[in-house]
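Please load the model in the viewer and keep the selection panel at hand.

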Amino acid sequence: MAAPKQTIWPLEPHTRAKHEILKRYLQAWMVILSQGRFPEILYIDGFAGPGQYEGGEAGSPIIALDTALAFKPPLTATIHFLFVEERTDRADYLRQQVALRALPANFSVIVEGGMTFETAFTNRYSSYVRQGRLMPTFAFIDPFGWTGAPFSLVKQILSHRSCEVFVNFMYEEINRFIGHPDQVANFNSFFGTEEWRRCASTSEPRVRNRCLHDLYLSQLHTDAKYVRSFEMSNARDVTDYYLFYATNELLGLKKMKEAMWKTDESGEFRFSDATDPNQFILFEKAPQLPALRQRLVTKFTGKDASVADIERYVLVETAFRESHYKGILKSLERDGALKAVNPAAARRTGTFGDPAMVLRFA
Ligand SMILES: C[S@@+](CC[C@H](N)C(=O)[O-])C[C@H]1O[C@@H](n2cnc3c(N)ncnc32)[C@H](O)[C@@H]1O
């Protein structure tokens with residue numbers, strides 16, 4: 001899709017899915033970080049848009065704000081919102097949307113209009129630093145293409161504890177322009193390396209797609225322990241964009257997976273985990289659990305592993321989430337393929353609530 005020229009534009013189905021994920025994740029993130037753990041947190045929407053779509057649906061900055069406002073009891077930490085929108089007409093529109101809401105004293109909302117994410121973040125950065133550290137931050141980076149989202153900023157955010165990024169990697173646009181000689185500096189900046197040239201020189205579309213995806217993934221991994229990517233494809237099964245989520249918090253990964261798995265299916269797009277090319281897993285109401293069972297058997301056969309180890313493996317190494325594996329453990333136990341080595345005396349067969357319980361895989 002070409003970038004719209006008008007101030008507001010129609011909401012596309014896959015954008016609705018992206019918003020659903022964002023909302024679900026923020027519902028968890030805001031409460032986990034603000035209730036007791038941190039006195040101040042920051043939500044950045046680096047490419048905020050006007051805050052509303054043509055049909056009246058909320059855009060990402062308003063989704064973030066309304067999510068924070070909806071908590072009962074209200075959030076007590078100070079929540080900073082930094083919304084950046086380069087176009088002044090869209091920034092003005094967004095300001096109007098913000099002004100329609102009654103904000104509590106612990107909410108600080110800044111709409112930076114008429115300047116880029118890079119400039120606004122650089123100018124404002126020191127105001128969000130406490131004792132030398134950026135406050136816990138979730139940065140949503142959602143450009144129409146690849147310009148204005150330098151990897152140096154992503155790195156800067158990820159280098160701080162409890163800071164994470166959610167990047168919309170606009171594959172279709174990136175792929176279309178990757179060979180343009182006048183875009184070299186922009187791609188160097190976006191990827192934070194010149195390595196993308198290696199991918200650009202590949203003419204086989206699928207190889208090039210994977211190469212660019214894997215490059216961005218590995219770049220994120222230099223600063224984030226956990227990185228997952230999610231592919232949004234169109235009805236013709238062509239990659240539209242990837243969503244990359246990078247964090248150093250296992251709990252964050254758990255919550256993002258939960259948000260992904262709850263996204264509504266639609267005939268108009270296909271949404272899948274794309275982190276590992278050898279594990280194609282579609283997010284759907286009935287997950288492909290035999291694939292997870294096979295992975296668990298392959299990984300743990302002949303070994304002892306605690307329930308916590310298994311959960312960690314499922315979360316970090318597979319597309320699945322924590323709610324998926326316990327049913328599989330139950331069926332493996334029923335089939336005699338595993339047994340509990342150190343169960344609590346009162347344990348019922350088929351229950352795996354104790355993270356320290358060790359399981360022996362036959
Ligand atoms: C994909 S739209 C954002 C949609 C919004 N995040 C949402 O989900 O509702 C990208 C927006 O970024 C703005 N933009 C483009 N380049 C920018 C830059 N360098 N810095 C900040 N905003 C930019 C565009 O005007 C556009 O409104």
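Begin with the open sheet of three strands, ordered S12-S14-S13 with antiparallel pairing; strands (E, at least two residues) and helices (H or I, at least four) are DSSP runs numbered from the N terminus, and two strands pair if DSSP finds at least two bridges between them. Its edge strands, each pairing on one side only, are S12 (304-306) and S13 (338-340). On average, neighbouring strands of this sheet are turned by 30° against each other, direction ignored; axes are lines fitted to C-alpha atoms, for helices over the stretch in contact, and angles run from 0 to 180 degrees between N-to-C directions.

This is a predicted model, in which local features need pLDDT of at least 70 and side-chain atom pairs count only at pLDDT 80 or more, while totals for chains, interfaces and linings use all residues. Residues are numbered from 1 along each chain as its sequence is written.

Next, select S14 (residues 358-361), which three bridges join to S12 in antiparallel fashion. Ala305 stands opposite Leu359 in S14.

Move on to helix H1 (residues 13-34) and helix H2 (residues 60-69), whose axes come within 10 Å and cross at roughly 35°. At their contact (C-beta atoms, placed from the backbone, within 7 Å), His19, Leu22, Lys23, Leu26, Gln27 and Met30 of H1 meet Ser60, Ile63, Ala64, Thr67 and Ala68 of H2.

Finally, select the ligand: 16 residues surround it, the closest being Phe47, Gly49, Gly59, Ser60 and Gly148 (a residue is near if its C-beta atom, placed from the backbone, lies within 6 Å).

Note on methods
Two residues are in contact if their C-beta atoms, placed from the backbone, lie within 7 Å.
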